[in-house]
Amino acid sequence: MADLLGIISANYVAVGSNVNYSKGPYVPVDAASYEGNWTGKYANNDSFSIQVSNVVGFRAKARYQSGATVKYQDVLIRDNSFKIGDSKFTLTKQGTAQIKTVMTTNGTQSLETAYAKQN
C-alpha cells in the first residue's frame, strides 16, 4: 500500500508542475470576435456548432451541440478561451477557433481537436 501511495504522490507532484494556469485577471473582450454561430467538423466527420451570445465584459452564454449532445452554460472568457462541458473553445484568429473536446467511445477517452469558423 505504501508503494501505491508513493507512486500516486510522485505523479501528483509531476503533473501539478506541468499545469499552466493563467495568472492574469479577467479582462473585457471584443464581443464581435466571439458572438455568433461557430461550426466545424471533427476528424471522424461529426459536425458541431457553438453559439456564443450576450458577451458582456468577459462573460458570455454558450451553447454546444454535436449530434444528440447539447450543452448550454454561462462561460468566462480568459486568455482568448472558455470551457463548455467537455470542450474548450480558443479563439486563434479573427473568425477561427480551435475546439478541443474529450470524447468517450466504448469507455475509452480521447482528445479530439477541430477548427470552427464564425458565421
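**Reading the sheet in a predicted model**

Modeller: The chain has 2 helices and 8 strands. Helices (H or I, at least four residues) and strands (E, at least two) are DSSP runs, numbered from the N terminus. This is a predicted model, in which local features need pLDDT of at least 70, side-chain atom pairs count only at pLDDT 80 or more, and totals for chains, interfaces and linings use all residues. Residues are numbered from 1 along each chain as its sequence is written, and side-chain values use heavy atoms, with hydrogens and water left out.

Colleague: In what pattern do the elements follow along the sequence?

Modeller: The pattern reads α-α-β-β-β-β-β-β-β-β.

Colleague: How many strands form the sheet, and in which order?

Modeller: Two strands pair if DSSP finds at least two bridges between them. Here 8 strands form an open sheet with antiparallel pairing, in the order β4-β3-β2-β1-β8-β7-β6-β5. At the edges are β4 (69–76) and β5 (81–84), each pairing on one side only.

Colleague: How many bridges join β1 to β8?

Modeller: Strand β1 (residues 36–41) is joined to strand β8 (residues 108–118) by 3 bridges, and the two run antiparallel. T39 has K117 in β8 as its bridge partner.

Colleague: What percentage of the residues in the chain is buried?

Modeller: Buried means under 20% relative accessible area (1.4 Å probe, protein chains only), exposed over 50%, and partly exposed in between. Of the 119 residues in the chain, 27% are buried.

Colleague: Which share of contacts joins residues at least 24 apart?

Modeller: A contact means heavy atoms within 4.5 Å. Among contacts in the chain between residues at least 6 apart in sequence, the share is 32%.
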